[in-house]
Amino acid sequence: EVQRAALRISILHGSFSPETALAIAHCRPEILKKLIQSSIVGQAADSRLMIHPLVRQFLAEQAAVAGHDTQELEDRFTDGILHWTSAQSRLLRQTFKAVYYQKLHREWQHIERAWWLAVERKRFDLLELCLDLLFYFEARGTFAQGYEFFAATCQHVSADNKRIIACLDEAQAFMSARLLELPRAIRLAKRSLQTLDELGADFQNGTIGMYDRLILATADHAIKQTTFSAADKERLRKITEGYLDKFTEIALALQDGVVACHQKAYAKATGDFQRALQIGGQDAYVMPILRCFLGIALRSQGQISAAHEEFTIALQRALELDIYPAVIGATYELCLLQADDPTTEDCWAALEQLAREMGSPHTVGRIAIIEAMQYLNLGFNRQAHQLTRIGLAMLWPVADAGERARVLAAVVQSYIAFGLIRAASQLVSLVSPHV
């Protein structure tokens, strides 16, 4: 049993958690402990494990002697990792707890490798099982990377595999909606639902089709920037009942706060954002971004010290979790608080420094634009325009023409929905030579 576990774990490259090792080896914890005590499995930083390359080479030779080929070990690895990923993703969706996001984040190297092995070997059952993986991208705020991940997978799946293509369309639709690219989100969601309906999918069992219905139920409000009625809220609760209950309640509390902010009812907004925080809990991955909203409401009431505390807590926790939207939002807000009248150049410098530290000007630029649209929703047009200009300036040098056009369309659509025609025209004039 010890030798069998060692052979299975040897397929792992880089560091890995004990939990991942057990998922791959299908062994008792005592067996893993023996492997560590015998130095077959070594210890790495942060309580993680690793296998020395020379030990891995020896184990590979042992596997060949025992008649275990590489594909057999890779198949066990793929099956074990993706079943583990499915369980962690589901718990992330159900509880919103940061611990499940962190587990996925730390093992992403192994998850990605297992995913592409499943694609190569047409294990579409495993891919469908991991559809909730989209919540990893949702949590981290890397919506563009999430879209590209699922779109690239689609390119490796033949057209006759309609069910998995529909599931991947659903994931892409969700990511497109988070990117504010609503026409694409609506098109993909409708196509996915149509295919699933033709295949006779059971919409009452599991999350399949749920994200599609959620997008189609909210897209019109997002395009027209209208608020949800009581009937709309109940409809959303019914769509997500049993699967996304916490997500829905947080989103509805957040929307109430955003509407209150837009109406300059900042005391009510503070209460709504605190309610969203209470629903999520202090251990939720959304805690940092919710604290940013709360900080904005407090700042708007002149409670600068309290606002500064919220942004500082948000930034610290977001950096710990590597969650981009809250890092960007809190950094921007702290920059605003550090000067009486900070210029666009001041804020740009702060976000450029952040992009250098994170190594991703593309991601920072995209999320800055999404955050800017939140400021429009909140009724802070000056900050929205400032952050939009910064985001576009950061994104333009690294985006292709197609992405530039989609981003500009989304921004202009949002500006027009709020009646900011002149500001929209200025943005178009600024960037149109490059589109």
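## Residue classes and basis of the model

In what follows, Ala, Val, Leu, Ile, Met, Phe, Trp, Tyr, Cys and Pro count as nonpolar, Asp, Glu, Lys and Arg as charged, and the others, Gly among them, as polar. The structure is a predicted model, in which local features need pLDDT of at least 70 and side-chain atom pairs count only at pLDDT 80 or more, while totals for chains, interfaces and linings use all residues. Residues are numbered from 1 along each chain as its sequence is written, and side-chain values use heavy atoms, with hydrogens and water left out.

## The largest pocket

Helices here are DSSP runs of H or I with at least four residues, and strands are E runs of at least two, both numbered from the N terminus. At least two lining residues of the largest pocket come from each of α9 (134-140), α11 (162-178), α13 (210-224), α15 (245-262), α17 (287-300), α21 (361-378) and α23 (401-417). The most is given by α15, with 10 residues. Sorted by class, the lining of this pocket holds 33 nonpolar, 14 polar and 3 charged residues.

## Cavities

Across the whole structure, a search finds 4 cavities of 30 Å³ or more, a cavity being a set of grid points where a 1.4 Å probe fits but cannot get out. By class, the lining of the largest cavity comprises 7 nonpolar, 2 polar and 2 charged residues.

The second largest cavity holds about 60 Å³ of space and is lined by Leu179, Leu180, Arg366, Ile369, Ile370, Met373, Val407, Ala410 and Val411. Here α21 and α23 are the elements that give two or more lining residues, and α21 gives the most, with 4 residues. The lining of the second largest cavity has 8 nonpolar residues, no polar ones and 1 charged residue.

Within helix α24 (residues 421-431), Ala423, Ala424, Leu427 and Val431 are buried, that is, under 20% relative accessible area, with exposed meaning over 50% and partly exposed in between (1.4 Å probe, protein chains only). These four cover an arc of only 100 degrees around the axis and therefore lie on the same side of α24, the arc being that of the directions from the helix axis to the C-beta atoms. On the other side of α24, Ile421, Arg422 and Ser429 are exposed, whereas the cover over the buried residues includes α22 (381-395) and α23.

Ser86, in helix α5 (residues 70-95), counts as buried because its relative accessibility is 6%. Residues up to four places away in sequence aside, Ser86 touches Leu129 and Cys130, contact meaning heavy atoms within 4.5 Å.

His308, which lies in helix α18 (residues 304-321), counts as partly exposed because its relative accessibility is 36%. With residues up to four places away in sequence again not counted, His308 touches Leu334 and Leu337. The C-alpha atoms of His308 and Leu387 are 19 Å apart, and the two residues are separated by 79 residues along the chain.

## Cysteines

The search of the whole structure finds 0 disulfides, a disulfide being a pair of cysteine sulfur atoms within 2.5 Å. Cys167 is in no disulfide, and the nearest cysteine sulfur, that of Cys154, is 9.9 Å away. Cys167 counts as buried, at 1% relative accessibility. Cys261 is likewise in no disulfide, with the nearest cysteine sulfur, that of Cys292, 13 Å away, and Cys261 also counts as buried at 1% relative accessibility.

## Positive phi in two loops

Most residues other than glycine have a negative phi. Ser39, in the loop between α3 (29-37) and β1 (42-43), has a positive phi near 65 degrees and is exposed, with a relative accessible area of 54%. Lys122, placed in the loop between α7 (108-120) and α8 (124-129), has a positive phi near 60 degrees and counts as exposed at 56% relative accessibility.

Methods:
1 Å grid on protein atoms, 1.4 Å probe; cavity = no way out; pocket = protein on both sides within 12 Å on 5 of 7 lines; lining within 4 Å. Points joined across faces, edges and corners; volume = space filled by probe spheres on them.
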